[in-house]
Amino acid sequence: MCGIFGYKGPNAKAGQIVLEGLKRLDYRGYDSWGVAVQCLDNIWLRKDIGKISDVDHIADMPDAHTAIAHTRWATTGGVTRANAHPHASTDGSFVLAQNGIVENFSELKQGLLTKGYTFVSETDTEVIVRLIEEELKLNTDFVSAIRHAFSKLTGRNTIIVLTKSGEIYAARNGSPLVVGVNTQTNEVYLSSDTLSFAPYADQMIVVDNGQMVKVDNTNTITMFTLATGEVFEYTLEAMTVKADKIDKEGYDHFMMKEIHETPYVLRQIVAQDAQSLQAFAHALQRAHRVYVIGSGTAGIASYQIAFYLRLYGKLDAVSLIGADVQSYYEIFQPDDIILAPSQSGETADVIEVLEHAKEKGVQIGSIINMPGSIMTRMSDYPFMCNAGPEICVMSTKVFTSQIAWGYLLAKTVQGKYEEGIQNLQTLSVIVQRYLDNQNNHKALKALANYLSKKEHIFLLGKYQNFAIMQEGMVKIIEASYKHAHAIPAGDLKHYAITLMEQGIPVIVAVSDDVVKNDVITAINEVRLRGAYVIAIAHKQEDYYDYYIPTEDAGETDAIGTIIPLQLTAYYLALKLGNNIDKPRNIAKSVTVK
Ligand code: BG6
């Protein structure tokens, strides 16, 4: 996953503008970066390894009105300056940056090598550059050259091209691409997400798969269909993201700020449009089967949402991980419904499933946090978290938002929408109280200190809490780079019990629900084998070695249980000195398979 940013307009500091824009995209990948500006019929290029957030300004960058930039999450070719984007054509007449993976790049590269082309990088990106060069020999029109070159690629790719005469071209078939326009100042932005130009643009265009855009030297935007080269009329949409500034607002890290936004996020779910929820609830009741599908943390949210739809909605709802749905393609029926939770709305694994499902006539619902995303545009029943930008790569408030929305949807199916609203409003107050109580933070800091010395961390949950413990596992892994493992409490005795020994930490969620006794049994099974039991529960018991008190939130108890786990992960990362908002190796949005 990479970030692409471009600018063309009257401001002569185009290079600095794309540098700032890139910093708002560095959640998409941050191992290397590059900036290219066009001036005096030439292209000035600077790229390097390292985080773009560490770059305040770039010495000797010339004034310019047109520039593109790229922040990289390496997929093909190591993290080196030579592999950083943008990549230049042999004659320097254009540079190109890419987000995606060219699955057939080896054979394409072989073909180009036999034609005598040379390469200075190991990337698939440079293959696209050479293909365009090859096409330009046949005709100088960049639109045709890019179209024909792009058609040779397999895989999901988006590219942006800056020419030395100052035009910008971009083509999309996969990774996200949006255009921002400031209609007052006649400035044009191109980016991987709407957030990165939200403070500057008042209108936007979402570029769909199979489309390309050209911005010429009068700042005129022209849109083409990639397959035919036909020009088509595009529509400018009002910018729905109002993100004047995205900063930590006094918190040390975005993660802590975003956890503290949970009460607000829950109220945003309460404010969802009731009619839209009702309409979707009716569609779900008529469906043959409901598949809830997501990746990573959103995949775990899918599990919890499907749980609520079964428990309260009495629906045949199942959850699947986006990268592992292929065996269902033949099973999907037109009267099935897929529900996709996704922070970015751009996760390639899930989009691929939705494309297959739509071909079978399956209707799509989605709960997304990024306005203008492709998954929102693919949805028959699009819903937004409205949780505000989530910058920390580790998802916290959006996960909570997704499962709270899933709970409210399930209550709506059950015919108890008002009860669902009441319970979420109560939960919002309970979470606020929990976050405001410094004793809780003290207890979790002490727990993080203890866990920081451990190599393996286990989590046990059952029924409403199993997915929550899975998400706790994900947070601990992302925050600490340690091995954590969430187990359904009842499944412990079938294999994991062999791992129990003196001092093994086991975090357990204990709700006052129908499975409480099963969970207590599991606690005793691990304790008598030496485990150290950390219980998130509503009252102390002598068989808890460490007790994390939480208020009983009734039907929404599991949603509240994620908060101490998110905070524990935060304090663990802090204790270990890890990068909290940008953990190693992962990116916020996975727009490649
Ligand atoms: C991972 C993120 O890379 O992708 C997770 O770290 C996220 O937080 C997952 O849940 C899926 O992304 P999305 O945008 O579909 O939620």
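## Exercises on a ligand site and a helix pair

A backbone N or O atom of Gln-343 sits 2.8 Å from an oxygen atom of the ligand. Keep in mind that this is a predicted model.

**Exercise 1.** Work out which side chains place an N or O atom by a ligand oxygen atom, and how much of the ligand the protein covers.

*Solution.* Start with Ser-344: an N or O atom in its side chain is 2.7 Å from an oxygen atom of the ligand. Then take Thr-347, where an N or O atom of the side chain is 2.5 Å from an oxygen atom of the ligand. Now for the cover: on its own the ligand has 380 Å² of accessible area, and the protein covers 93% of that.

**Exercise 2.** Describe the shell around the ligand by residue count and class.

*Solution.* Count first: 13 residues surround the ligand, and the closest are Ser-342, Gln-343, Ser-344, Thr-347 and Ala-587. Next, sort the shell by class, which gives 7 polar, 4 nonpolar and 2 charged residues.

**Exercise 3.** How are helices α8 and α14 oriented where they pack, and which residues make the contact?

*Solution.* Get the geometry first. Helix α8 (residues 296–311) packs with helix α14 (residues 466–480) at an angle of about 170°, and their axes are 9 Å apart. Angles over 145 degrees count as roughly antiparallel, so α8 is roughly antiparallel to α14. Now list the contact: α8 brings Thr-297, Ile-300, Tyr-303 and Gln-304, while α14 brings Phe-466, Ala-467, Ile-468, Gln-470, Glu-471, Val-474 and Lys-475. Finish with the classes: the contact of α8 with α14 has 6 nonpolar, 3 polar and 2 charged residues.

Methods: Residues numbered from 1 in each chain as written. Predicted model: local features only at pLDDT ≥ 70, side-chain atom pairs only at ≥ 80, totals over all residues. Heavy atoms only, no water. Near = heavy atom within 4 Å. Polar contact = N/O pair within 3.5 Å; in protein donor to acceptor, adjacent residues only side chain to side chain. Areas by Shrake-Rupley, 256 points an atom, 1.4 Å probe, with all protein chains shown as cover. Nonpolar A, V, L, I, M, F, W, Y, C, P; charged D, E, K, R; others polar. Axes fitted to C-alpha atoms, helices over the stretch in contact; angles between N-to-C directions. Helix = DSSP H or I, 4+ residues; strand = E, 2+ residues; numbered from the N terminus. Parallel < 35°, antiparallel > 145°, perpendicular 65-115°, else oblique. Contact = heavy atoms within 4.5 Å.
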